[in-house]
Amino acid sequence: MTATNVILLAKYREKPSRQKQPHPAHDLSFMRPRRPKGTGIDYWVVEGTGTYGTDCAKGHQLAEEYLAYAGEHSTYGNATLLGSIVSDMLIRCKETGKLSGIEIAFLGHVNRHAVAAAAVIGGRLTTG
């Protein structure tokens with residue numbers, strides 16, 4: 001291949017997208033950019049109802065939202081997202097000294113998916 005051919009091929013090569021990747025704080029219902037702008041992200045902005053069953057249902061719903069987002073946007077940044085979410089969960093529950101049904105259900109649901117993925121990757125999927 002000559003230098004001329006390489007230059008010609010470069011004309012037809014798809015250009016990389018300059019489009020900014022979506023940020024989870026704009027896409028996930030339980031996150032918000034902090035104010036003033038540029039001061040970070042609140043990763044867990046969730047209010048409980050005080051009713052354990054209702055809060056668990058909300059936790060499952062938020063986990064499904066998180067898992068769908070992570071699956072659609074599997075970036076290096078989003079690979080560390082769960083740690084930031086859990087950190088903010090712990091900060092928010094510091095006042096009560098315990099996790100609510102929302103956090104317990106969210107983490108349990110995400111954990112079930114992690115275990116299933118690990119079993120598939122390891123080739124040992126079981127139902128027990």
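I began with H60, which is partly exposed at a relative accessible area of 33%. I note that the model is predicted.

I placed H60 in helix α3, residues 52-72. I then looked up its contacts, leaving aside neighbours within four places in sequence, and found A105, H109 and R112.

Next I turned to the largest pocket. Its volume is about 360 Å³. I listed 18 lining residues, with G48, R92, T96, S100 and E103 nearest the centre. Two or more lining residues come from each of α5 (81-93) and α6 (101-122); α5 gives the most, with three. I sorted the lining into six nonpolar, six polar and six charged residues.

Last, I examined the aromatic rings and counted four aromatic pairs. F30 and F106 form an edge-to-face pair, 5.9 Å centre to centre with 75 degrees between the planes. F30 lies in the loop between α2 (24-27) and β1 (32-33) and F106 in helix α6, so this pair ties together parts 76 residues apart in sequence. I found F30 buried at 1% relative accessibility, and F106 buried at 0%.

Y66 and F106 form a tilted pair, 5.9 Å centre to centre with 50 degrees between the planes. Because Y66 lies in helix α3 and F106 in helix α6, the pair ties together parts 40 residues apart in sequence. Y66 is buried, with a relative accessible area of 7%.

Terms used. Residues numbered from 1 in each chain as written. Predicted model: local features only at pLDDT ≥ 70, side-chain atom pairs only at ≥ 80, totals over all residues. Heavy atoms only, no water. Helix = DSSP H or I, 4+ residues; strand = E, 2+ residues; numbered from the N terminus. Buried < 20%, exposed > 50% of the residue type's maximum accessible area, 1.4 Å probe, protein only. Contact = heavy atoms within 4.5 Å. 1 Å grid on protein atoms, 1.4 Å probe; cavity = no way out; pocket = protein on both sides within 12 Å on 5 of 7 lines; lining within 4 Å. Points joined across faces, edges and corners; volume = space filled by probe spheres on them. Nonpolar A, V, L, I, M, F, W, Y, C, P; charged D, E, K, R; others polar. Phe/Tyr/Trp six-rings, centres within 6.5 Å; stacked < 30°, edge-to-face > 60°.
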